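User: I would like to go through this model and ask what stands behind some of the terms used for it.

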Amino acid sequence: MRFTLAWASLRRHGTRTLLAILGVAVAAAMLLDMVMMSTGMRESFRELLLSRGYQLRLAPKGTLPFDTDATMESASRITATLRTNPSIVTVSAVLGGTIHVPTGNRVVTSAALGVDPAVQGDYELLSGRDPVGSNSIAANDEFLAATGATTGDTLDVATGYDPQLRTYAGSMRLVLTGRVRFLYGAANQLATVMRLETLQKMGGADRTDDASLFMIRVRTDAEVEAARAWVELNIPDVSAISTATALAEVDKRLRYFRQLAVILGTVSLFVGFLLVTTLVTVSVNERIGEIAVMRALGVSKKHVVQQIVIEGVAISLAGAIGGLALGLVTAKYLNGILSSFPGLPSAIDFFLFQPKSAWTALGLLTISGIAAGVYPSFRAASLPIATTLREDAIA
Amino acid sequence: MTLAREKAVFSWAGYDDEAPPPVVEARDLARDYPFGAERVHALRGVTFAITEGEYIAIAGPSGCGKSTLLNLIGVIDHPTRGEVCIRGQNVGGMRDREATAFRLRNIGFVFQRFYLMPTLSARENVELPMAEAGIARVERAARARELLSYVGLEARERHRPAQLSGGEQQRVAIARALANRPAILLADEPTGELDAKTGAEIIGLFGRLNADGTTVIVVTHDEDLASSAHRKIHMRDGVIVPG
């Protein structure tokens with residue numbers, strides 16, 4: 001009967017109830033987005049870092065991978081040292097650089113990675129072949145669109161270009177072997193990949209044995225942190241970054257994002273709470289005589305409170321379910337905008353949907369619905385029955 | 001007070017040595033209300049008894065304490081002094097939870113303004129106290145139909161209060177009051193919002209209810225309703241006075 005009464009009360013002012021549900025849905029959508037944002041970016045980054053199974057990354061001392069143009073010299077020595085550690089199973093050296101490709105009367109400039117295709121963890125092949133040969137290159141769709149090149153084409157590629165003199169340095173003729181997608185590439189970024197040795201050679205004498213990054217896969221039964229400590233001890237001119245330390249750094253950099261998300265999420269929750277409290281209070285005040293009569297007929301205070309709390313929770317839940325759909329749509333839209341943020345991997349999701357986020361938002365809204373119903377209902381159920389009935393009759 | 005005079009007063013107030021034990025018994029019942037810095041004495045020490053199966057009308061001018069007395073008998077208010085016993089149980093000092101459970105099982109209320117739940121049908125309104133008492137859905141639906149039939153509204157069970165006339169609403173309210181087979185039926189000005197013809201129908205219904213064994217106590221200004229009762233309790237200025 002409590003559910004019947006609660007349902008009937010909500011239907012009594014259908015438009016008002018619907019508007020309240022829509023209001024809660026908007027607040028719930030914002031709350032969900034903020035919960036998704038506060039954890040999503042970190043989780044998305046973690047998934048990205050672990051996507052190819054590399055748990056350790058080495059960067060020039062004091063830097064993060066590709067945070068600067070700095071490189072590590074003696075890459076082959078570092079690789080050899082790393083291979084002496086039995087807990088390290090794979091070492092993938094990567095060199096980052098810039099290439100220039102003359103096409104007609106213009107020059108297309110693109111990022112380039114030098115990798116060992118057999119162990120690389122930077123891209124996935126979409127079509128064609130990996131650039132296994134010393135004169136091979138693969139590129140992403142943005143590069144292909146900018147140059148108009150297709151698989152099988154031969155490209156004149158240079159690592160140095162003087163725009164005033166229109167002269168090139170470190171030129172090579174490379175064959176486009178495949179179409180790839182870079183895991184860490186920013187949106188709309190032009191990028192290519194070739195063998196590490198090829199890019200080193202194109203970089204000239206200064207780059208013959210350079211690497212910007214080493215990606216290391218540690219045996220599954222080995223301690224990643226122990227391996228990290230070993231690397232820093234044995235190769236003092238590098239910074240070893242495990243997924244955990246990278247995430248700690250990400251956490252530090254995302255602190256403002258998370259604070260913003262927490263503040264906006266709290267505001268959304270509070271707005272939803274106030275909305276439901278207002279509606280329930282108005283509804284209870286309108287029915288104060290009916291509630292006194294129910295009490296006179298022998299309906300317990302607990303059951304009156306329960307009935308009104310059910311109303312609050314029903315509005316909150318209906319709003320939350322609507323808000324879930326609305327939140328996912330807005331998150332997708334906002335993610336599209338934020339993913340094109342310069343310098344950030346486009347694969348990073350700012351709003352990563354996790355069931356936990358939805359449950360958290362739903363749980364918070366349910367609690368707020370209960371809290372919204374408890375006070376007005378308890379107040380109404382506790383009013384002196386005889387006096388309330390007399391005052392209601394006079395009113 | 002002489003013994004003869006005392007006997008006469010108690011006899012008039014409902015006490016009778018040979019009568020069955022009273023269903024309602026009030027002793028020196030008083031109720032004060034704060035009114036600003038002062039206190040209003042709504043009841044000033046009322047003593048009476050009502051036996052099972054009686055039909056009592058409490059009459060008197062406005063503000064004489066009739067409704068206050070009904071509220072005390074209905075356990076929705078507490079006396080400032082004195083005691084009120086229903087079926088031998090002192091109900092004046094009951095805590096809220098105890099009083100609520102007592103009302104559910106022992107008291108039926110009929111109000112001047114009907115006070116039906118507007119969102120529920122006639123049958124659901126009648127079922128409400130039974131649902132609270134934990135009666136199974138099927139059983140309470142059957143009893144609700146039976147009660148609606150008793151008050152002549154079997155064809156209106158699905159109607160909401162707004163679809164019923166005033167008299168029909170009051171009959172639903174009476175059916176609701178009888179739902180849990182209460183010891184007493186209390187009615188506060190039950191014909192106050194009805195026209196004469198409809199009021200007469202309600203008066204007839206109360207008579208029928210009483211004839212079927214229900215103890216009925218009505219507070220009323222309505223002379224016709226008061227006259228239909230077996231006994232009248234006249235009140236003035238918070239005390240019972242001879243009629």
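**Helix packing and chain contact**

Analyst: In this predicted model, the axes of helix α2 (residues 14–50) of chain A and helix α7 (residues 243–253) of chain A cross at roughly 150 degrees and come within 10 Å.

User: Why is α2(A) called roughly antiparallel to α7(A)?

Analyst: Angles over 145 degrees count as roughly antiparallel. The two axes cross at roughly 150 degrees, so α2(A) is roughly antiparallel to α7(A). The crossing of α2(A) past α7(A) is right-handed.

User: Which residues make the contact, and how do they divide by class?

Analyst: From α2(A) come A:Arg42, A:Phe45, A:Arg46, A:Leu49 and A:Leu50. From α7(A) come A:Thr243, A:Ala246, A:Leu247, A:Val250 and A:Asp251. The contact has six nonpolar, one polar and three charged residues. What counts a pair as in contact is that their C-beta atoms lie within 7 Å.

User: What makes up the contact of chain B and chain A?

Analyst: Chain B gives 21 residues and chain A gives 21 residues. On the side of chain B that touches chain A, α3 (96–106) and α4 (122–132) of chain B each supply at least two residues. By class, that side of chain B has 10 nonpolar, four polar and seven charged residues.

User: What share of chain A is buried, and what makes a residue count as buried?

Analyst: Of the 395 residues in chain A, 43% are buried. The cut-off is 20 or more other C-beta atoms within 10 Å of the residue's own.

User: How many helices and strands does chain A have?

Analyst: Chain A has 12 helices and 12 strands. Among its contacts with a separation of 6 or more, 82% join residues 24 or more positions apart.

Conventions:
Residues numbered from 1 in each chain as written. Chains lettered and ligands numbered in written order. Predicted model: local features only at pLDDT ≥ 70, side-chain atom pairs only at ≥ 80, totals over all residues. Axes fitted to C-alpha atoms, helices over the stretch in contact; angles between N-to-C directions. Helix = DSSP H or I, 4+ residues; strand = E, 2+ residues; numbered from the N terminus. Parallel < 35°, antiparallel > 145°, perpendicular 65-115°, else oblique. Left-handed = near helix turned anticlockwise from the far one by under 90°. Contact = placed C-beta atoms within 7 Å. Nonpolar A, V, L, I, M, F, W, Y, C, P; charged D, E, K, R; others polar. Buried ≥ 20, exposed ≤ 12 C-beta atoms within 10 Å, placed from the backbone.
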